[in-house]
Amino acid sequence: GDAKAPVTIIEYASLTCSHCANFHQTAYQEIKKNYVDTGKVRFVFRDYPLDGLGTAGAVLARCAPGDRGMKMIDLIFKNQDTWIRSEKPIEPLKGYAQLAGMSSADVDACLKNEAIIKAVREVQNTGTTLYKIQSTPTFFVDDEKVDGDRGYEFMAALIDKKLKAKKK
């Protein structure tokens, strides 16, 4: 979204979190359409992987070329039920990375990139120590912390309250 948007939402999420996937398939789509795409909200996604697969997905999304990282995250969430239950779940993740424009060699190099793995862990550690994140998804709508997927109506009401306060 627009960096100058009056309201910023920061989400801490794991790509293996079913509640996070539900949010991205439902509420996020409406928030994006009604608030992000209209310049009212800047939405920031921060990785908070709950396990090794969540970390692998986060790392691969960071390696995606251009602006394809968020598109890859959307694809991972959309297909979470399928890839997470597969016999070798890393294989579908690699496939999503290739759909995002990465070669097989790029994917393998990315998964071994210590700097990116460290960056993902640093975001998670900051979330835990500074912002007291205990579960995913956790949101900050400007300065207000929201634990869990509360649905579109709850988030829209909170966004509207923040927008109204900015106009005063």
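**Exercise 1.** Which element gives the largest share of the lining of the largest pocket?

*Solution.* The structure is a predicted model, in which local features need pLDDT of at least 70, side-chain atom pairs count only at pLDDT 80 or more, and totals for chains, interfaces and linings use all residues. Residues are numbered from 1 along each chain as its sequence is written, and side-chain values use heavy atoms, without hydrogens and water.

Step 1. On a 1 Å grid over the protein atoms alone, a pocket is an open set of points where a 1.4 Å probe fits, with protein on both sides within 12 Å along at least five of seven lines; lining residues have an atom within 4 Å of a point.

Step 2. The largest pocket holds about 290 Å³ of space. Among its 15 lining residues, Phe43, Val44, Phe45, Arg46 and Met70 are the closest to its centre.

Step 3. Strand S2, a DSSP run (E, at least two residues), supplies the largest share, 6 residues.

**Exercise 2.** Determine which cysteines form a disulfide and which helices they lie in.

*Solution.* Step 1. A disulfide is a pair of cysteine sulfur atoms within 2.5 Å; the count comes to 1.

Step 1. The pair is Cys63 and Cys110, with sulfur atoms 2.0 Å apart.

Step 2. Helices here are DSSP runs (H or I, at least four residues).

Step 3. The torsion about the S-S bond of Cys63 and Cys110 is about 90°, and the disulfide is therefore right-handed.

Conventions. Grid points are joined across faces, edges and corners, and a volume is the space filled by probe spheres set on the points.
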